[in-house]
Amino acid sequence: MSVVADAEIIPIGTRGKPGRGTGAGRPSSDSRALGARTGASDQPVDDRPVDDRSLDDRSLDDQPRDDEAARDTAPGRELEPEPPVQATAQPVTRPTRATRAPVTAKDRQPTDGIPPAELLDALTSAAQEQFGDNWEPRLAQFLAFLRRRLTGDFTVDDYGFDQEVTEKFLLAALRPLARKWFRIEVRGAENIPTEGGALVVSNHSGTIPLDGMMTAVSIRDHTGRFLRPLGADLLFRLPLIGDLARKGGATLACNEDAERMLRGGELVGVWPEGFKGIGKPFGERYKLQRFGRGGFVSAAIRTGVPIIPTSVVGAEEIYPLVGNIPSIARLLGVPYLPITPFFPLLGPLGLIPLPSKWLIEFGEPIRTDEYEGGAADDPMLVFNVTDQVRESIQQTLYTLLMRRKSVFS
Amino acid sequence: MGQVVLVTGVAGDLGRRFAAKLSGSADVDRVIGVDMVPPRGDLAEADFVRADIRNPVIAKIIVRERVDTVVHASVTSTPAAAGGRTSTKELNVIGTMQLLAACQQAPDVRKLVLKSSAAYYGASNRDPAMFTEGMSAKRQPAGGFAKDVIEVESYARGFARRRPDVAVTALRFANVIGPRITTGMTGYFRLPVIPTVLGFNPRLQFLHESDALAVLEHATLCDVVGTFNVAGDGVLTLAQAVRRLGRPTLPLPGFALPTFGSASRQTKVADFSPEQVAFLTYGRGLDTTRMRELLGFRPSFTSAQAFADFAASLRPGILAPARVRATESALVGALSPGKGERRG
């Protein structure tokens, strides 16, 4: 009975040693000064493990020895209660403890770190893993690339287009999305001229301009040319995004830049619907919005380049826009703040585009080089050509929609 | 008979070196340098007259010396030189007004060359990639050097209207850079840590100081009239430029940079005025077709070469290209024997 009561008041882990609060309400200074009393408080602790040992003494090999040591010291303390002797009693305990195998962390750690040879070996095998059998020139190429980036030893064109970054990062990152996620099917890639200026005019949809990026990837993969997109001024106001857009070959959608690029023989992409197209509600999908003021047509006529009407099916479904918060959008200075079935409901998860099946068709080029010099300043002609392009895209959209079996396959 | 040329702003480095260079030219009889303070360096055979262009005495000098060509090179963006923004503005705008008024009264003046700046175009997200001379700032500047330049050019245009017999040439310089010149931009690149606007990578164009002198001389001696952008070929992005220097950058959000600028203004090394921050955010590109085809001037340095010449005069930073290159070859060297062991 008293044993149980004593066992209850001794906290687990301290083994009832002096100086630790035993929970019995005794002051700790008292227990420190009076060795005899602490010895007494040790006794019940010893009794219990003895019982345990009798049950299974093989598995608890350490514990009994510890208890033996405690028992050896306990009588000594009882005989000589002065503190100095207590200090001598401590060394007596140590040798008895040392009889068991010492458990130290010393052997577990490698002493001198990783030898350089092994480190080098690991590096080479990592390089082999990463770059394949022909790893050495490839690694050298990679290091040279890294050095060029770090020392600024690369060139950008007048618009800030960085071909290396576009090829190695932007397009490489978008390509799996285009092939695996949206399974883009491209038709009429032969309508894109292999050289010289041309204007790709496309419908715009999908809440964020993924359709433009996917068109750029498709054109790069099918014709080897870089698409130079024309973007809204908002794009260039945004940090990081504006920088990436310029690196990826975009420039401001204005007549000066469009004409300059077309004269330079670039393949320029334009989305004349702008924010009206990209931010339109899901219910109005595949209905072309107004085509701006036809500035792209006058740019094409002035430079005499063909217009390639392009229809993108599939982008409407990636983020179905079911709502808009105009007040917050105005506050943030953006044209719309989208609500999709999953955003902002699911937070960042809602940013994953739905894996719709995409079809991109590049239509028959519309020639503009037959018009006379002042044709670009004739508003009636410009409106007519704009309508022609718009109608062509709209008709192709309907045809493609009929051909598509379902949204996701 | 040669020309008699009056050069304003000879206390400035560019003005002084231009006056000295021009005085050696065979087509020029006499060069008179004017400024409020004496130039610190050599003026060669040019004469110096200490005068304030805001003072009517400048009209007397022009008439008495029978000046036929005026090169107005004192429009400056560096407030430190003139003792603060207010007096810089006074000197730029009122100085130009007075100088042009004096020229209007002078019967001998046949030519005016104005050293202007590409700051005329401002910098915004609505800018075209390349500005041609016919364009203007997409966002009108509220103040600062950009506004000075716009006003100065409008006075020059007014003067050209009133004196159709005078050939007026305005040269809009891109950022002048080089080992010997001190401008807001060189001060910026000389900072040990270069603050940039977070998330923006502006396109920059540079004009080498020797090209700046050459184009001023070219415009003074030839008879071409009009406004011309002057810049080296090609563009560099700010990130590219900074990496070529090998200096670390400190990207700050756009709104924080002017605050940082006002804190560092005391040191008078770099310029972080609102229009400079806009420039460091959006950058600017100049179309130089007219410079090549009408003015007939070809800069000998591209933007990249001009910047490289400037960078060579600086102590290389911790990420200097030479060091990166050495690290690369060390890495390649260390990995190659590893392959040899494997084979052997």
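In chain A of this predicted model, seven strands form an open sheet of mixed pairing in the order β1-β9-β6-β2-β5-β3-β4, where strands are DSSP runs of E of at least two residues and helices runs of H or I of at least four, numbered from the N terminus, and two strands pair if DSSP finds at least two bridges between them. At the edges lie β1 (185-187) and β4 (251-252) of chain A, each of which pairs on one side only. Within the sheet, β3 (residues 227-231) and β5 (residues 267-270) of chain A run parallel and are joined by three bridges, and Pro229(A) stands opposite Gly269(A) in β5(A).

Residues are numbered from 1 along each chain as its sequence is written, and chains are lettered from A, and ligands numbered from 1, in the order in which they are written. Local features need pLDDT of at least 70 and side-chain atom pairs count only at pLDDT 80 or more, whereas totals for chains, interfaces and linings use all residues.

Turning to the helices of chain A, the axes of α12 (residues 255-263) and α14 (residues 295-303) come within 9 Å and cross at roughly 35 degrees, the axes being lines fitted to C-alpha atoms over the stretch in contact and the angles running from 0 to 180 degrees between N-to-C directions. Among the residues that make this contact are Leu262(A) of α12(A) and Phe296(A) of α14(A), two residues being in contact if their C-beta atoms, placed from the backbone, lie within 7 Å.

Between the chains, 29 residues of chain B are in contact with 32 residues of chain A. The largest share of the side of chain B that touches chain A, ten residues, comes from α13(B).
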